[in-house]
Amino acid sequence: MNNQIEVIYQDDNVVVVNKPAGMIVIPDQHTYENKTLVGILKKQLNQKIWVVHRIDRDTTGVLIFAKNAETHRHLSMQFEHSQADKKYLVLLSGFLEEDEGTINKRILIEDRDVSIDDDGKESITNFKVLERFKNYTFAEASPLTGRRHQIRVHFWSLGHPLAIDAEYGSSDPLLLSSMKRNYKVKDNETEKPLINRLTLHASELALALPGSSNKTVFSAPLPKDFEITLKQLRKYGK
(Lines give C-alpha, C1' and ligand atoms only; values in the text may rest on other atoms or scores of the structure.)
Protein backbone atom coordinates (compact mmCIF):
# COMPACT_ATOMS: atom_id res chain seq x y z
CA MET A 1 0.00 0.00 0.00
CA ASN A 2 1.24 3.46 -0.87
CA ASN A 3 1.55 5.18 2.48
CA GLN A 4 1.38 8.69 1.05
CA ILE A 5 -2.08 10.10 1.80
CA GLU A 6 -3.63 12.27 -0.93
CA VAL A 7 -4.20 15.80 0.41
CA ILE A 8 -7.18 17.58 -1.16
CA TYR A 9 -6.68 20.87 0.69
CA GLN A 10 -4.74 22.31 3.60
CA ASP A 11 -4.12 25.63 5.33
CA ASP A 12 -2.90 26.66 8.81
CA ASN A 13 -6.00 25.20 10.49
CA VAL A 14 -7.15 22.15 8.57
CA VAL A 15 -6.06 19.34 6.29
CA VAL A 16 -8.58 17.56 4.05
CA VAL A 17 -7.63 14.18 2.61
CA ASN A 18 -8.95 11.53 0.25
CA LYS A 19 -8.97 8.39 2.40
CA PRO A 20 -7.95 5.16 0.66
CA ALA A 21 -9.77 1.86 1.22
CA GLY A 22 -8.46 -0.65 3.74
CA MET A 23 -7.10 1.85 6.26
CA ILE A 24 -8.59 2.66 9.65
CA VAL A 25 -8.60 6.27 10.82
CA ILE A 26 -7.47 5.83 14.44
CA PRO A 27 -5.75 2.97 16.31
CA ASP A 28 -7.75 0.05 17.70
CA GLN A 29 -6.73 -3.02 19.70
CA HIS A 30 -5.31 -4.68 16.57
CA THR A 31 -3.64 -1.72 14.87
CA TYR A 32 -0.79 0.53 16.01
CA GLU A 33 -1.05 4.24 15.24
CA ASN A 34 1.72 4.14 12.63
CA LYS A 35 -0.50 1.88 10.47
CA THR A 36 -3.55 4.18 10.73
CA LEU A 37 -4.49 7.14 8.61
CA VAL A 38 -3.97 9.60 11.46
CA GLY A 39 -0.52 8.18 12.24
CA ILE A 40 0.64 8.22 8.62
CA LEU A 41 -0.72 11.75 8.11
CA LYS A 42 0.99 13.08 11.25
CA LYS A 43 4.28 11.77 9.92
CA GLN A 44 3.61 13.05 6.40
CA LEU A 45 2.81 16.59 7.65
CA ASN A 46 5.30 16.39 10.50
CA GLN A 47 2.80 17.86 12.97
CA LYS A 48 0.05 16.99 15.43
CA ILE A 49 -3.48 16.67 14.03
CA TRP A 50 -6.90 16.33 15.67
CA VAL A 51 -9.53 13.83 14.49
CA VAL A 52 -12.88 15.52 13.76
CA HIS A 53 -14.88 12.62 12.27
CA ARG A 54 -14.31 9.09 10.99
CA ILE A 55 -15.37 6.76 8.21
CA ASP A 56 -15.10 2.96 8.10
CA ARG A 57 -11.91 1.11 7.18
CA ASP A 58 -13.15 0.18 3.69
CA THR A 59 -14.98 3.44 2.96
CA THR A 60 -13.09 5.88 0.75
CA GLY A 61 -13.30 9.63 0.35
CA VAL A 62 -13.28 13.01 2.06
CA LEU A 63 -12.03 13.38 5.64
CA ILE A 64 -11.11 16.60 7.44
CA PHE A 65 -8.64 16.96 10.32
CA ALA A 66 -7.88 19.97 12.50
CA LYS A 67 -4.35 21.29 13.02
CA ASN A 68 -5.09 22.93 16.38
CA ALA A 69 -7.46 22.52 19.34
CA GLU A 70 -9.50 25.64 18.54
CA THR A 71 -10.24 24.49 14.98
CA HIS A 72 -11.05 21.03 16.32
CA ARG A 73 -13.74 22.55 18.56
CA HIS A 74 -15.06 24.73 15.73
CA LEU A 75 -15.41 21.80 13.30
CA SER A 76 -16.63 19.27 15.88
CA MET A 77 -19.53 21.57 16.83
CA GLN A 78 -20.69 21.61 13.21
CA PHE A 79 -20.72 17.81 13.08
CA GLU A 80 -22.45 17.63 16.46
CA HIS A 81 -25.22 20.01 15.38
CA SER A 82 -25.66 18.45 11.91
CA GLN A 83 -24.32 21.59 10.22
CA ALA A 84 -21.72 19.71 8.17
CA ASP A 85 -23.25 18.54 4.88
CA LYS A 86 -22.12 15.07 3.83
CA LYS A 87 -22.72 13.23 0.56
CA TYR A 88 -21.89 9.60 -0.07
CA LEU A 89 -22.08 7.51 -3.22
CA VAL A 90 -23.32 3.95 -2.72
CA LEU A 91 -23.78 0.87 -4.84
CA LEU A 92 -26.73 -1.08 -3.44
CA SER A 93 -27.84 -4.62 -4.09
CA GLY A 94 -31.16 -4.99 -5.84
CA PHE A 95 -33.35 -2.62 -7.83
CA LEU A 96 -34.41 0.29 -5.59
CA GLU A 97 -37.83 1.43 -6.86
CA GLU A 98 -38.10 4.91 -5.31
CA ASP A 99 -36.28 7.69 -7.18
CA GLU A 100 -35.61 9.51 -3.92
CA GLY A 101 -36.68 9.48 -0.31
CA THR A 102 -35.86 9.84 3.36
CA ILE A 103 -35.04 6.97 5.71
CA ASN A 104 -36.04 8.04 9.20
CA LYS A 105 -35.35 5.07 11.48
CA ARG A 106 -33.82 5.19 14.93
CA ILE A 107 -30.47 3.46 15.37
CA LEU A 108 -29.42 1.76 18.59
CA ILE A 109 -25.71 1.26 19.24
CA GLU A 110 -24.70 -1.22 21.95
CA ASP A 111 -20.97 -1.93 22.08
CA ARG A 112 -20.20 -3.38 18.61
CA ASP A 113 -23.86 -3.96 17.69
CA VAL A 114 -25.76 -1.49 15.51
CA SER A 115 -29.49 -2.06 14.93
CA ILE A 116 -32.73 -0.36 13.93
CA ASP A 117 -34.61 0.05 17.21
CA ASP A 118 -37.30 2.40 18.55
CA ASP A 119 -35.14 2.89 21.64
CA GLY A 120 -32.27 4.17 19.51
CA LYS A 121 -31.27 7.72 18.57
CA GLU A 122 -33.00 9.63 15.79
CA SER A 123 -31.23 8.89 12.50
CA ILE A 124 -32.12 10.40 9.13
CA THR A 125 -30.69 9.71 5.68
CA ASN A 126 -31.88 11.33 2.45
CA PHE A 127 -31.20 9.44 -0.77
CA LYS A 128 -31.49 9.91 -4.51
CA VAL A 129 -31.12 7.19 -7.15
CA LEU A 130 -28.54 8.09 -9.82
CA GLU A 131 -28.59 4.93 -11.97
CA ARG A 132 -30.31 1.58 -11.97
CA PHE A 133 -28.99 -1.74 -13.19
CA LYS A 134 -30.63 -5.15 -13.33
CA ASN A 135 -29.33 -6.29 -9.94
CA TYR A 136 -27.85 -3.10 -8.45
CA THR A 137 -28.69 0.53 -7.77
CA PHE A 138 -26.20 3.42 -7.73
CA ALA A 139 -27.36 6.19 -5.41
CA GLU A 140 -26.37 9.29 -3.49
CA ALA A 141 -26.95 9.32 0.27
CA SER A 142 -26.93 12.39 2.52
CA PRO A 143 -26.97 11.52 6.22
CA LEU A 144 -28.44 14.35 8.32
CA THR A 145 -27.25 12.65 11.50
CA GLY A 146 -23.96 10.88 12.12
CA ARG A 147 -24.60 7.48 13.68
CA ARG A 148 -22.15 4.63 13.31
CA HIS A 149 -22.91 2.53 10.17
CA GLN A 150 -25.92 4.79 9.54
CA ILE A 151 -25.99 4.57 5.73
CA ARG A 152 -25.22 0.85 5.77
CA VAL A 153 -27.91 -0.12 8.28
CA HIS A 154 -30.50 2.27 6.81
CA PHE A 155 -30.28 0.79 3.30
CA TRP A 156 -30.19 -2.71 4.79
CA SER A 157 -33.50 -1.88 6.52
CA LEU A 158 -35.02 -1.11 3.08
CA GLY A 159 -33.94 -4.55 1.85
CA HIS A 160 -31.15 -3.02 -0.24
CA PRO A 161 -27.87 -3.40 1.66
CA LEU A 162 -24.66 -2.24 0.04
CA ALA A 163 -23.62 -4.48 -2.88
CA ILE A 164 -20.70 -5.62 -0.72
CA ASP A 165 -21.05 -5.39 3.05
CA ALA A 166 -20.01 -8.35 5.16
CA GLU A 167 -21.96 -7.14 8.21
CA TYR A 168 -25.32 -6.30 6.65
CA GLY A 169 -25.36 -8.11 3.31
CA SER A 170 -23.03 -10.14 1.15
CA SER A 171 -19.25 -10.27 1.43
CA ASP A 172 -18.92 -11.71 -2.10
CA PRO A 173 -16.81 -9.59 -4.45
CA LEU A 174 -18.34 -8.27 -7.67
CA LEU A 175 -17.08 -10.22 -10.68
CA LEU A 176 -17.28 -9.46 -14.37
CA SER A 177 -18.30 -13.10 -14.98
CA SER A 178 -21.54 -12.49 -13.06
CA MET A 179 -22.51 -9.69 -15.50
CA LYS A 180 -20.96 -10.61 -18.85
CA ARG A 181 -22.45 -13.58 -20.65
CA ASN A 182 -20.03 -16.25 -21.84
CA TYR A 183 -17.21 -14.68 -19.86
CA LYS A 184 -14.41 -17.21 -19.58
CA VAL A 185 -11.47 -17.16 -17.21
CA LYS A 186 -8.22 -18.32 -18.81
CA ASP A 187 -6.93 -21.71 -17.72
CA ASN A 188 -4.86 -21.66 -14.53
CA GLU A 189 -6.03 -18.12 -13.75
CA THR A 190 -8.31 -16.87 -11.02
CA GLU A 191 -10.75 -14.12 -11.90
CA LYS A 192 -9.79 -10.79 -10.36
CA PRO A 193 -12.74 -9.02 -8.71
CA LEU A 194 -13.93 -5.66 -10.06
CA ILE A 195 -14.35 -4.57 -6.45
CA ASN A 196 -14.10 -6.59 -3.24
CA ARG A 197 -14.81 -4.12 -0.44
CA LEU A 198 -17.55 -1.94 0.99
CA THR A 199 -19.28 -0.11 -1.89
CA LEU A 200 -19.41 3.23 -0.08
CA HIS A 201 -17.59 6.48 -0.93
CA ALA A 202 -17.62 9.80 0.95
CA SER A 203 -17.82 12.04 -2.11
CA GLU A 204 -18.48 15.46 -0.61
CA LEU A 205 -18.19 17.43 2.61
CA ALA A 206 -19.30 21.04 3.09
CA LEU A 207 -18.64 23.06 6.25
CA ALA A 208 -17.55 26.48 7.46
CA LEU A 209 -13.81 26.82 7.96
CA PRO A 210 -12.49 29.00 10.80
CA GLY A 211 -12.96 32.70 10.05
CA SER A 212 -15.68 32.13 7.42
CA SER A 213 -19.45 32.06 7.70
CA ASN A 214 -19.83 30.46 4.26
CA LYS A 215 -19.43 26.75 3.74
CA THR A 216 -16.53 25.38 1.69
CA VAL A 217 -17.21 22.24 -0.33
CA PHE A 218 -14.55 19.52 -0.57
CA SER A 219 -14.95 16.57 -2.90
CA ALA A 220 -13.16 13.35 -3.83
CA PRO A 221 -13.67 11.44 -7.09
CA LEU A 222 -14.77 7.82 -7.08
CA PRO A 223 -11.81 5.48 -6.61
CA LYS A 224 -10.69 3.38 -9.56
CA ASP A 225 -12.23 0.05 -8.46
CA PHE A 226 -15.66 1.69 -7.93
CA GLU A 227 -15.41 3.54 -11.27
CA ILE A 228 -14.47 0.35 -13.16
CA THR A 229 -17.37 -1.53 -11.55
CA LEU A 230 -19.87 1.12 -12.70
CA LYS A 231 -18.37 1.11 -16.18
CA GLN A 232 -18.88 -2.67 -16.48
CA LEU A 233 -22.39 -2.46 -15.03
CA ARG A 234 -23.29 0.17 -17.63
CA LYS A 235 -21.98 -2.15 -20.30
CA TYR A 236 -23.25 -5.54 -19.12
CA GLY A 237 -25.51 -5.04 -16.11
CA LYS A 238 -28.53 -3.30 -17.59
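The side chain of T199 comes within 3.3 Å of the backbone nitrogen of A163, a polar contact in the sense of an N or O pair within 3.5 Å, with one atom able to donate a hydrogen and the other to accept it. This is a predicted model, so local features need pLDDT of at least 70 and side-chain atom pairs count only at pLDDT 80 or more, while totals for chains, interfaces and linings use all residues. Residues are numbered from 1 along each chain as its sequence is written, and side-chain values use heavy atoms, with hydrogens and water left out.

T199 sits in the loop between α3 and β11; helices (H or I, at least four residues) and strands (E, at least two) are DSSP runs, numbered from the N terminus. T199 is buried, with a relative accessible area of 0%, where buried means under 20% and exposed over 50%, using a 1.4 Å probe and protein chains only. Setting aside neighbours within four places in sequence, T199 is in contact (heavy atoms within 4.5 Å) with L89, V90, L91, L162, A163, I164 and F226.

F226 leads on to helix α4, where it is one of the buried residues, along with T229, L230, Q232 and L233. These cover an arc of only 165° around the axis, so they lie on the same side of α4; the arc is taken from the directions from the helix axis to the C-beta atoms. The buried residues pack against β5, β10 and β11, whereas the face turned away from them carries the exposed K224, K231 and K235.

Now for the nonpolar cores, meaning sets of buried Ala, Val, Leu, Ile, Met, Phe, Trp, Tyr and Cys residues joined through side-chain atoms within 4.5 Å. The largest has 29 residues, and V17, L37, L41, F65 and F155 touch the most other members. Helix α1 gives the most to this core, with five residues. Apart from it lies another core, of 16 residues, including L89, Y136, I164 and L222. Not counting residues up to four places away in sequence, F155 touches V90, L92, L96, I103, F127, A141, H160 and P161.

Overall, the protein has four helices and twelve strands, and buried residues make up 45% of its 238 residues. The C-alpha trace spans about 60 × 45 × 35 Å along its principal axes.
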